[in-house]
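Could you take a look at this one with me? My notes are below, as numbered points.

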Amino acid sequence: MTLTITDIQARCAALGHPPGTIDGIMGPKTRKSIAAALKERDASHISDLFHSSGLHRIHLHWTGGGAGIIDLELMHYNEVIDHEGKVHSGKYPVTMQAAYAVGKAASHTLNANSGAIGLAIDCMADAIEQPFSAGSAPMTTSQLKVLTERAAYYCEMFDIPVTRYSVLSHAEIQRILGINQKRKWDICWIPGMQAPDDPILVGDKIREMILEKLKLKTHSSIY
């Protein structure tokens, strides 16, 4: 398992021991948060804070595509949800993200693919952020429902807490993890909204939906 300092900081924050700003620097606050997380989990090594699969985050996307799944989408995401709510497996299974390498795993998030599952909704072709237009293939309620169900499934499978640091949209990556994403705005809008909003606030709504799915399945205290 190859972990960056950013990965470690985000994992500690997801486990309830935030080191402050996620900045990729191993400073005293980060060391303190690691120590607290290790103590809480009765663990000896940083790797013990992570699931044995090496998977520790879920990134949520929209493809910017129209109706109909294409090969390019299946190459870039581990799963893609079509307009009927059907889940299509990508070229690379989620387990390949643990040891990410170009051409051997899904490249869904710039410089942030290792350990991160990429789930996408096939929608928002021709969408415009300002003035807002949802384009010719807006996200549907059924697609969002399935996205949250799939995220809940993987959270439970791989011990991924539902937090801003571990289940987040592409639009949140830069602000939360400090990794430049060239102004990606997915997902800043979901059905029922009049216009895009702060991506973290929209992400919080999606995380609430994921948590509701988990409450129906498990009583595990980690969630």
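**Notes on the model**

1. Let's begin with the second largest pocket, whose lining is made up of E129, H170, A171, Q174, R175, Q181, R183, K184, W185, C188 and P199. A pocket here is an open set of points on a 1 Å grid over the protein atoms alone, where a 1.4 Å probe fits and protein lies on both sides within 12 Å along at least five of seven lines; lining residues have an atom within 4 Å of a point. Keep in mind that this is a predicted model: local features need pLDDT of at least 70, side-chain atom pairs count only at pLDDT 80 or more, and totals for chains, interfaces and linings use all residues. Residues are numbered from 1 along each chain as its sequence is written, and side-chain values use heavy atoms, with hydrogens and water left out.

2. The volume of this second largest pocket is about 170 Å³. A volume means the space filled by probe spheres set on the grid points, which are joined across faces, edges and corners. Helix α5 (residues 170-177) gives the largest share of the lining, 4 residues. Helices (H or I, at least four residues) and strands (E, at least two) are DSSP runs, numbered from the N terminus. By class, the lining splits into 4 nonpolar, 3 polar and 4 charged residues. For these classes, Ala, Val, Leu, Ile, Met, Phe, Trp, Tyr, Cys and Pro count as nonpolar, Asp, Glu, Lys and Arg as charged, and the others, Gly among them, as polar.

3. Now for the largest pocket, at about 280 Å³. Which of its 18 lining residues are the closest to its centre? They are Y77, H108, H170, K184 and D186. The lining of the largest pocket has 6 nonpolar, 8 polar and 4 charged residues.

4. Buried means under 20% relative accessible area, exposed over 50%, and partly exposed in between (1.4 Å probe, protein chains only). The buried residues of α5 are H170, A171, E172, I173, I176 and L177. Their cover includes α1 (5-14), β1 (57-62), β5 (167-169) and α6, where contact means heavy atoms within 4.5 Å. After α5 comes G178, with a positive phi near 75°.

5. On to the aromatic rings: the whole structure holds 5 aromatic pairs. Rings of Phe, Tyr and Trp (its six-membered ring) pair if their centres lie within 6.5 Å; planes under 30 degrees apart count as stacked, over 60 as edge-to-face and the rest as tilted. F132 and W185 make an edge-to-face pair, with 6.5 Å centre to centre and 85° between the planes. This pair links distant parts of the chain, 53 residues apart: F132 is in the loop between β4 (116-121) and α4 (141-157), and W185 is in the loop between α5 and α6 (199-215). F132 is partly exposed at 24% relative accessibility, while W185 is buried at 16%.

6. F132 also pairs with W189, this time tilted, at 5.5 Å centre to centre and 40° between the planes. W189 lies in the loop between α5 and α6 and F132 in the loop between β4 and α4, so the pair ties together parts 57 residues apart in sequence. W189 is buried, with a relative accessible area of 7%. Ring pairs join W62, F132, W185 and W189 into a cluster.

7. Most residues other than glycine have a negative phi, and most peptide bonds are trans. Q130 and P131 are joined by a cis peptide bond, with omega about -15°; P131 is in the loop between β4 and α4. Another cis peptide bond joins D186 and I187, with omega about 15°, and I187 is in the loop between α5 and α6. K182, though not a glycine, has a positive phi of about 55°. K182 is placed in the loop between α5 and α6 and is exposed, at 66% relative accessible area.
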